[in-house]
Amino acid sequence: MKINTTTLAKNFIKENLKEGDIAIDATMGRGNDTLFLREIVGDNGFVYAFDIQEEALEATKNRLIENNLYNNVELILDGHQNIDKYINKQIDCAVFNFGYLPRGNHNISTKANTSIIAIEKCLKILKVKGVISLCVYQGGDTGFEEKDAILDFVKNLDYNKYTVIVSEFFNRPNYPPIHIKIIKEI
Ligand SMILES: C[S@@+](CC[C@H](N)C(=O)[O-])C[C@H]1O[C@@H](n2cnc3c(N)ncnc32)[C@H](O)[C@@H]1O
């Protein structure tokens with residue numbers, strides 16, 4: 001299989017997240033990322049996961065149970081823009097996989113304004129050398145508003161404090177997703 005945005009995100013997370021760390025899955029969906037993060041942080045770490053759909057929480061809970069990893073995680077039925085209501089400690093990593101629930105309702109999707117509030121709140125509690133991974137979709141049902149708003153936001157982050165790297169599949173057709181890496185430097 002060809003490399004895709006998920007591979008870029010997973011490689012970036014693997015390089016930076018370790019056993020005992022605290023991570024946020026800001027868009028739980030069917031729990032693939034929650035499980036991936038939970039496997040890395042192990043029994044001494046912790047994962048907070050957010051979604052606005054009950055269906056996502058159920059699917060993720062089942063995924064974790066099947067893998068004997070339904071501990072050291074908190075699944076939260078609320079929007080990621082409210083992260084500060086639930087987490088008042090520093091984190092090592094936050095993962096966003098924007099868009100709609102795969103095999104779910106395409107009308108329930110992340111939105112530019114709440115996505116940016118959530119990224120801002122994660123940046124505030126991110127440890128130095130902590131990382132944020134963003135998989136951003138465009139075109140089709142998703143349109144361009146969210147991608148444009150996120151790119152505009154990350155482009156304006158202070159380069160002394162944050163390194164931002166944008167990866168795109170430059171020669172692929174049909175507006176492929178992009179991946180954004182953010183590293184907190186100081
Ligand atoms: C592309 S899916 C995520 C896929 C997921 N990471 C996985 O591994 O399966 C995007 C998810 O974001 C959720 N979502 C939409 N708006 C949200 C919000 N404001 N806060 C948290 N999750 C939201 C959707 O319900 C959907 O489940």
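Axes are lines fitted to C-alpha atoms, for helices over the stretch in contact, and angles run from 0 to 180 degrees between N-to-C directions. This is a predicted model, in which local features need pLDDT of at least 70 and side-chain atom pairs count only at pLDDT 80 or more, while totals for chains, interfaces and linings use all residues. Residues are numbered from 1 along each chain as its sequence is written, and side-chain values use heavy atoms, with hydrogens and water left out.

User: At what angle do helix α2 and helix α3 pack?

Analyst: Helices (H or I, at least four residues) and strands (E, at least two) are DSSP runs, numbered from the N terminus. Helix α2 covers residues 32-41 and helix α3 covers residues 54-66. Their axes lie 9 Å apart, and the angle is about 35 degrees.

User: Which residues of α3 make the contact with α2?

Analyst: Contact means heavy atoms within 4.5 Å. On the α2 side, the contact is made by Asn-32, Thr-34, Leu-35 and Arg-38. On the α3 side, the residues are Thr-60, Arg-63 and Leu-64.

User: What is the strand order of the open sheet?

Analyst: Two strands pair if DSSP finds at least two bridges between them. The edge strands, each pairing on one side only, are β3 (73-77) and β6 (162-168). The sheet has seven strands with mixed pairing, in the order β3-β2-β1-β4-β5-β7-β6.

User: Which residue in β4 is the bridge partner of Ala-23?

Analyst: Strand β1 (residues 22-25) pairs with strand β4 (residues 91-97) over three bridges, in the parallel sense. In β4, the partner of Ala-23 is Cys-93.

User: Which strands does α3 touch where it packs on the sheet?

Analyst: Helix α2 also packs on this sheet, touching β1, β2 (46-51), β3 and β4, and its direction makes about 170 degrees with that of β2. The direction of α3 makes about 165 degrees with that of β3. The strands touched by α3 are β2 and β3.

User: How far is the sulfur of Cys-135 from the closest cysteine sulfur?

Analyst: Cys-135 is buried, with a relative accessible area of 5%. The closest cysteine sulfur is in Cys-93, too far for a bond, at 11 Å.

Methods
A disulfide is a pair of cysteine sulfur atoms within 2.5 Å. Buried means under 20% relative accessible area, exposed over 50%, partly exposed in between (1.4 Å probe, protein chains only).
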